[in-house]
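Hi,

Here is the model I promised to pass on. Have a look at it first, and then read my notes below.

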2 protein chains.
Amino acid sequence: MTVTAPRGFSAAGVAAGLKSSGDPDVALVLNTGPDDVAAAVFTTNRFPAAPVQWSRQVLAGQRCRAVVLNSGGANACTGPEGFADTHTTAEHVAEELGLGAIDVAVASTGLIGMRLPMDKLTAGVTEAAQALSADGGADAARAIMTTDSVPKTTVQQRDGWSIGGMAKGAGMLAPSLATMLVVLTTDAVVPAEVLQPALKTATRLSVERVDSDGCLSTNDTVIVLANGASGVTPTAAEFTEALVAAATDLAMQLLADAEGSTKDIAITVRNAASVDDALTAGRACARNNLLKTALFGNDPNWGRVLAAIGTTDAAFEADQVDVTINGVTVCRGGSIGDPREGVDLTGRAITIDVDLKAGGEEATIWTNDLSIAYVHENSAYST
Amino acid sequence: MTVTAPRGFSAAGVAAGLKSSGDPDVALVLNTGPDDVAAAVFTTNRFPAAPVQWSRQVLAGQRCRAVVLNSGGANACTGPEGFADTHTTAEHVAEELGLGAIDVAVASTGLIGMRLPMDKLTAGVTEAAQALSADGGADAARAIMTTDSVPKTTVQQRDGWSIGGMAKGAGMLAPSLATMLVVLTTDAVVPAEVLQPALKTATRLSVERVDSDGCLSTNDTVIVLANGASGVTPTAAEFTEALVAAATDLAMQLLADAEGSTKDIAITVRNAASVDDALTAGRACARNNLLKTALFGNDPNWGRVLAAIGTTDAAFEADQVDVTINGVTVCRGGSIGDPREGVDLTGRAITIDVDLKAGGEEATIWTNDLSIAYVHENSAYST
C-alpha cells in the first residue's frame, strides 16, 4: 500500500518510455485532502537539479497537493531549459488534476546532464493521472526505481492514523541525504509547525546517517504530505516517533539494496566527547575505501579503522581507543587486542564499535562494503 | 643509482624474511658526510606508527646519519612494545655503523597492527650494514617495495651537485602525504634553515597533491639527507627547484603504479578564488567513487564532476562552471556542453579541467580511477 496506506491519498505508476528497458518510470501521488500540509528536505549539493529548484519553491508555502516523480533522467545540470521542462511537467500535472502548478512538487532521478524527452513524459503524466487509485502505492514505488533491485516501502500504523512511504536509492548514499527520493504520506492532522521539525528529526536520525559511498546527489528529495483525513491529531512527539520509524525503515532498505554491496556495516562510535565527534569518526570509516574493500574480503583489518579515525579531529587519545568488530575486541588501547582470527565476517551484517573513551555520547553510521560489483555497476551505468 | 647518486652516500637492500615471498625487505641508507643536515615530513595521522614517533625525535635535531627502512610490517598500532622494537632497531643500526641511535631514522611499511619479527629484522640489519655500497641505491629501492610493481627512483643532476631519491607507495595515496616512504639525498651544501622549507615546498607541490584513494597512512615519511660532499652551495631557490623536481618525479611514479589503477587523472581547477578553493574542488573529484568508477569505465560522466564539486564550499556560481575532459568541453555554464561522445578515454592519461570563473588561482590534483583490480587487491591484502 505504501504511500496510499493512509486515507485520502491515491497514486499511480506507469511506463512512459523514459527508460530504455520499458519499465515503469513515471509515478504520481495525489493528496485528496482535506488538508494539504507539506514539508520537505532537499539535497545540499550546490548543483541542485531543476526539479529540486522547482520543488523548493512549491514547498516554501508548506503546502503541496501532488508529487510527480520520474526515473530515467535526473534533469540535473540541464540549465534554464531543464528548469522549463520541470515547470512544464508541474503545469501538466496541475491541468490533469485541476490544481495550480504551485501545488505540484516534482522529483527526478537518473543520469545527470541529459534533457528529458518531454513528449514521452507529458504523455506518461496524463496516463498516470488517469490511473490514480487508492491502491496505486505499489505501482508508484516501482516506477521510481533506477538501479534498485526491489521497491522500498513502509507503513507505520498508529492509533487511528498511519504513515505510508516509498523510497528509491541504491547508491550515492551520503549524508545530508542519500541519493534518493522519498515520499511520505500521513492521514494524521499535523500542522506545518509540527511537520517540518518532525521531518528534520526523522531525516537527521535515519537517511542522513546512511553513508553508502560518500557521494551526495544533485536530486535528493524527501517530501511528507499530511492531509488530516483520519481526524486524529497525534502529539508532536507521537508523530515524530512514527515519522522517525518510517524514515529509518526506508533508510535500512536503501542500505540493504546499495549498488553491488555485499555487507551492511553499522559503525557505532561510543564514549565520544560529542555526537558530532561520533558522527565524524564514523563517517571517516564509512568513507575509507581501504577499510571497505577489506570488509568486502572478510578481513577484520582494524588498523584501517584506526587509520581512518586518525584523520579526524574528534577528541581521543591514540593509546586509549578500542575497536570491536562483530563482538571481538581486536584493538585495545590503540594496539593489538584479541586475535583477528576470531572475527567471523562471512555474514552480511557487520558491526564495528569504536570506543573513544573521551566522553559520553554515541552515534551510528551505516555504510556498505566496496565490492567488485559496485565498481562494475557504476563504471557501466551511463554506457 | 637513486639515493647513492650523490657523493657520500652508501646503501643496501637485503632479504631478512619479513616478507613471506622472500623478496628483499630491509633497506639501509648511510650518509658518510661530511655534513649530516636532515629534514623530514611525516604523516599527520593521529595514529602515527612507532617508527614515525621515533624518527620525529631523531629529526627534531635536524641531523641524521642513517635511515633504516623495512617492508613486510608497518609497526603501527603496536603500543609501547612496538615503539621498543623501533628503538631496538635504531640501536642495532647504530652499533653496526658506529653511530648513536639518535643518528638513525627508522621507517616501516606493511600491515598495521602486527609486531615485527625482531630476530629476523636484527639479522637483516647486520647483513645490510655489511652490504652497504656506493652502488647499493637500486637494491635499497627494491627492498622498500610492498604492493609496488616497480621500484621508484629519481636523480636530479645540477651543476656540480645532485639529488637522488627513492620511494615506495602504491595505494593509500592521500594528502598530507601519500602512504609512502621517500628518502632523498643530496651532496649539495645545504644548511638546515634552507633544507626544511625546501622539503615542505617540495612535498606540498608534489606528493601532497596526489590523492589516489583518499586514505592517509599511519607511516608516511619523507626524509632528505644533505652531506655537502660536492662542496657546492646552491642558492635556496636552486636547491628548492631541484628538490621539487625530484619529489614530483617520484610522485608521478607513485601515481602511475597505484594499486590496480588503469588511469592517471590530472584534475586541474582553474580560475578559482584561491589555491585552497582549487585544491578543495580538485580533491572532492579525486575522492568521488562514482566519478572514479565512471572513468574506469571510459565514461566521461561530467555530471559526477559537478556533483562532486557541488559538495564543497569553494567559491563559484553553479551556472558558470565549465568542465573539459580530455579536451572536450562537455559542460558549459553548469549545463550541457559539447557531445560526450567526442571524448576519448581509452588511454591511461585523463585530464579534467574545471573552470570555476571565480578568480585567478589554479591547482592540479592527481588521482587514479577506481577499478575492479583496486578492490580485488585491497580486499585480499592481509589474507
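A word on terms before the details: helices (H or I, at least four residues) and strands (E, at least two) are DSSP runs, numbered from the N terminus. This is a predicted model, with local features needing pLDDT of at least 70 and side-chain atom pairs counted only at pLDDT 80 or more, while totals for chains, interfaces and linings use all residues. Residues are numbered from 1 along each chain as its sequence is written, chains are lettered from A and ligands numbered from 1 in the order in which they are written, and side-chain values use heavy atoms, with hydrogens and water left out.

Let me start with A:Glu259, which sits in the loop between helix 6 (236-256) and strand 10 (264-272) of chain A. An unreviewed UniProt entry lists A:Glu259 under "binding site", along with A:Thr146, A:Lys168, A:Thr179, A:Asn378 and A:Thr383. UniProt positions are in the numbering used here, feature names are shortened, and annotations may be inferred rather than shown by experiment. A:Glu259 counts as buried because its relative accessibility is 10% (buried is under 20% relative accessible area, exposed over 50%, partly exposed in between; 1.4 Å probe, protein chains only).

Now the two chains. Chain B superposes on chain A by a rotation of 180° with 0.0 Å of shift along its axis, RMSD 0.0 Å (least squares on the C-alpha atoms of residues with pLDDT of at least 70 in both). The copies are therefore related as by a two-fold rotation axis. B:Ile372 has the C-alpha of chain B nearest that axis, at 2.6 Å.

At the interface, 56 residues of chain B are in contact with 56 residues of chain A (heavy atoms within 4.5 Å). The chains bury about 4400 Å² between them, 62% of it on carbon and sulfur atoms (accessible area, 1.4 Å probe, that two parts lose on being put together, summed over both). On the chain B side, B:Arg46, B:Phe47 and B:Leu290 lose the most area to chain A, together 17% of what that side buries.

What about salt bridges between chain B and chain A? The count is 0 (a side-chain nitrogen of Lys or Arg within 4 Å of a carboxyl oxygen of Asp or Glu). Over all chains, the whole structure has 26. One of them pairs B:Arg270 with B:Asp353 at 2.6 Å between the closest N and O atoms, linking strand 10 to strand 14 (residues 349-355) of chain B across 83 residues. B:Arg270 also meets B:Glu362, at 3.3 Å, N to O.
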